Amino acid sequence: MLSILRKARLKDKEMRVLMLGLDNAGKTTIVKQIMKEDVTTVSPTLGFIIKTIDFQGYRLNIWDVGGQKTLRSYWKNYFEKTDTLVWVVDATDRLRVEDCRDELAGLLVEEVRPLCWSRRVKVLSSIPD
């Protein structure tokens with residue numbers, strides 16, 4: 001019984017972080033830097049990569065999901081049990097800032113806001129409703 005209680009307490013300290021953004025936005029580079037891995041050999045993520053780190057008493061499971069146009073329709077499948085969404089933007093890619101804005105706006109309408117209503121989560125955004 002004690003081991004079950006310990007697992008339940010550990011579960012409360014475990015968070016799922018979902019990293020999304022367009023392809024080549026820098027999601028994998030950010031994750032590799034957090035993990036102190038070499039960032040000179042980053043290649044496009046096909047599907048997803050999960051990395052786990054311990055941070056200030058929490059276990060963070062970071063889900064780095066590919067951002068290619070063909071994969072974006074699958075993003076909705078990753079929202080279940082997600083505690084945090086990190087939207088990564090390559091601000092130097094001026095030609096795709098509008099595409100980035102449109103994808104995020106679509107996620108806010110279709111996935112994030114309904115999730116927030118059911119879980120009482122706040123969304124910070126500069127995209128008009």
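This is a predicted model: local features need pLDDT of at least 70, side-chain atom pairs count only at pLDDT 80 or more; totals for chains, interfaces and linings use all residues.
## The cavity

The structure holds one cavity of 30 Å³ or more. The space inside this largest cavity comes to about 80 Å³.

Leu-22, Asp-23, Asn-24 and Ala-25 are among the lining residues, and so are Val-88, Val-89 and Asp-90. Asp-93, Arg-96, Val-97 and Cys-100 also belong to the lining. By type, the lining residues divide into six nonpolar, one polar and four charged.

## The second largest pocket

The second largest pocket contains about 200 Å³ of space. Its lining is made up of 16 residues. Those nearest the centre of the pocket are Asn-24, Thr-28, Ser-43, Pro-44 and Thr-45. Asn-24 is listed in the lining of the largest cavity as well.

Two elements, α2 (27–34) and β3 (58–65), each supply at least two residues of this lining. The helix α2 gives the most, with three residues. The lining of the second largest pocket has four nonpolar, nine polar and three charged residues.

## Aromatic rings

The structure holds four aromatic pairs. A pair of aromatic rings is described by the distance of the centres and the angle of the planes. For Phe-48 and Trp-63, the ring centres are 5.2 Å apart and the planes are at 25 degrees; planes under 30 degrees apart count as stacked, so this pair is stacked. The pair links distant parts of the chain, since Phe-48 lies in strand β2 (residues 48–55) and Trp-63 in strand β3, 15 residues apart.

The two partners can also be described by their accessibility. Phe-48 has a relative accessible area of 40% and is therefore partly exposed. Trp-63 has a relative accessibility of 17%, and because buried means under 20%, Trp-63 counts as buried. Together with Tyr-78, Phe-48 and Trp-63 form one aromatic cluster.

## Charges over rings

Which ring does the charged end of Arg-16 sit over? It is the ring of Trp-63, and the charged end of Arg-16 is 3.8 Å from the centre of that ring.

Another charge sits over the ring of Tyr-58. Here the charged end belongs to Lys-13, and its distance from the ring centre is 5.0 Å.

How values were computed. Residues are numbered from 1 along each chain as its sequence is written. Side-chain values use heavy atoms; hydrogens and water are left out. On a 1 Å grid over the protein atoms alone, a cavity is a set of points where a 1.4 Å probe fits but cannot get out, and a pocket is an open set with protein on both sides within 12 Å along at least five of seven lines; lining residues have an atom within 4 Å of a point. Grid points are joined across faces, edges and corners, and a volume is the space filled by probe spheres set on the points. Ala, Val, Leu, Ile, Met, Phe, Trp, Tyr, Cys and Pro count as nonpolar, Asp, Glu, Lys and Arg as charged, and the others, Gly among them, as polar. Helices (H or I, at least four residues) and strands (E, at least two) are DSSP runs, numbered from the N terminus. Rings of Phe, Tyr and Trp (its six-membered ring) pair if their centres lie within 6.5 Å; planes under 30 degrees apart count as stacked, over 60 as edge-to-face and the rest as tilted. Buried means under 20% relative accessible area, exposed over 50%, partly exposed in between (1.4 Å probe, protein chains only). A charge sits over a ring if NZ of Lys or CZ of Arg is within 6 Å of the ring centre and within 35 degrees of the ring normal.
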